[in-house]
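Subject: Structure handover and notes

Hello,

Please find the structure below, followed by my notes on it.

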Amino acid sequence: MPDNDYEILVDDPRVGYFTTQVTDMTSTSSTPYRDLVHRWNLKKKDPTAAISEPVNPVVWWMENSTPKEWRPIIKDAVLQWNVAFEKAGFKNAMVVKMQPDSADWDAGDIRYNVLRWTSSPRAPFGGYGPSFVNPRTGEILGADIMLEYVHFTNRVLYEKVFDLKSVEKEFESPIFHKDMNRVSCSMGHFSQENTQFGSAVLLAENASDLKLKRLKRESMMALIMHEIGHTLGLNHNMKASQLFSPEQLADSNFIKGKCLTGSVMDYAAINLTRDRSKQGQFEDVAVGPYDIWAIQFAYTPFQSEKDKNNLLNRSTEPELIFGNDADDMRSPGKAIDPRVMVGDLSNDQITYSNNIFELVDEMMKELKTKFSIEGESYQELRRVYYVLNRQRSNAARCCF
Ligand SMILES: [Zn+2]
């Protein structure tokens, strides 16, 4: 354990951070909670400067097994978080380095934060971001991101996509495990389904390779930004997708370069416009306003409690709304606020779901002609059929 001057930060319910549970058993308060926020120990090199580099940045190593064509995108996604850190007073808080081919350390070495690239036969998720902390303070000591190759292939995890029983089970399991330090994230699943749906729609309309590549690129950006968010201490924000209207999401100029929701920590649906001629960005390519605000809360070296409270008091601004897994309505009878939801998009879910139903119905009509090739197996047809059905079920769940 490090012996340093790290200052603990107590959790606040308006912002979503992972915490180590601490309850003051000597307190007579009805809220004797002192849960410790998980965050990195960032200190300004120059404490007097408005924006300074940290003494010790968060250094990420990209595993040398990462395919060359994906490396710039992965790096770009990690560094997107520096936009948020700059608002908290830090320049170059995140640094990405390449694990040299001659490295004498293993990617599994806990002294290194590694962006792993793996291809497992039974990958649990497309990507996940575990970290470990000092239990006495909440200081994050190390983290890794596991990126699974299956996420970028057309291999469907059938038992996950079509077995409704396993879906329900997945939806019922709480994000927090008993020891409170472990977290499960299904972003990889949602993201893979989104990408497969997007590809199917693009293939059916004979879209260019360029467009298909853009979809994959945006999907990877969104997934990595989400997983990096976890390693910075952030938990989910399933309410963030309320930020824009369906009209705004169908305005390609308006959404260009933006996060499509308030936060990359949501499990948002892919942005596919009903009017296919209006298709703009598919997924998040930047961190959202909530993400920036949340990083400001945990990482700004505040001069006073008042400054911190002033920041927290902005929580009622529409772009900063927050609700996590504890309050989402992903399964019947769970929670009460329909805005806190997974797999949804926009502040008008009924319109959004109707659009998806119509899009899926239209594609179903042409499925056989578009996705079966003379002399080849029906595997591709079957795959797309599953993907479409799953999207219909997602859209129905979001507007029940
Ligand atoms: Zn997650």
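For the helix pairs, an axis is a line fitted to C-alpha atoms, taken for helices over the stretch in contact, and angles run from 0 to 180 degrees between N-to-C directions. Helices (H or I, at least four residues) and strands (E, at least two) are DSSP runs, numbered from the N terminus.

This is a predicted model, in which local features need pLDDT of at least 70 and side-chain atom pairs count only at pLDDT 80 or more, while totals for chains, interfaces and linings use all residues. Residues are numbered from 1 along each chain as its sequence is written.

Helix 5 covers residues 187-204. Its expected span is 1.5 Å times one less than its number of residues. For 18 residues that gives 26 Å, and the end C-alpha atoms are 26 Å apart, which agrees. Of the 18 residues, 15 are buried (20 or more other C-beta atoms within 10 Å of the residue's own; 12 or fewer is exposed, in between is partly exposed, and C-beta atoms are placed from the backbone). After helix 5 comes N206, with a positive phi near 50°.

The axes of helix 5 and helix 6 (residues 209-231) come within 10 Å and cross at roughly 170°. These two helices are therefore roughly antiparallel (angles over 145 degrees; under 35 is roughly parallel, 65 to 115 roughly perpendicular and the rest oblique). Two residues are in contact if their C-beta atoms, placed from the backbone, lie within 7 Å. By class, the contact of helix 5 with helix 6 has six nonpolar, eight polar and three charged residues. Ala, Val, Leu, Ile, Met, Phe, Trp, Tyr, Cys and Pro count as nonpolar, Asp, Glu, Lys and Arg as charged, and the others, Gly among them, as polar.

Helix 5 also crosses helix 12, at roughly 115°, with the axes coming within 10 Å. E193, Q196, F197 and A200 of helix 5 make this contact with V384, V387, L388, R390 and Q391 of helix 12. Five of these residues are nonpolar, two polar and two charged.

Helices 11 and 12

Helix 11 (residues 349-371) packs against helix 12 (residues 379-398) at an angle of about 165°, and their axes are 9 Å apart. This pair is therefore roughly antiparallel as well. Where do they meet? On helix 11 the residues include I356, V360, M363 and L367, and on helix 12 they include L381, V384, L388 and R392. The contact of helix 11 with helix 12 has 14 nonpolar, three polar and three charged residues.

Loops

Most residues other than glycine have a negative phi. N92, in the loop between helix 2 (81-87) and strand 4, has a positive phi near 50°. It is partly exposed, with 15 C-beta neighbours inside 10 Å. A335 has a positive phi of about 65° and lies in the loop between helix 10 (305-312) and helix 11. With 16 other C-beta atoms within 10 Å, A335 is partly exposed.

Q99 sits in the loop between strand 4 (94-98) and strand 5 (113-118). Its C-alpha is 9.4 Å from that of W60, although the two are 39 residues apart in sequence. Leaving aside neighbours within four places in sequence, Q99 has contacts that include W61, N64 and A107.

Regards
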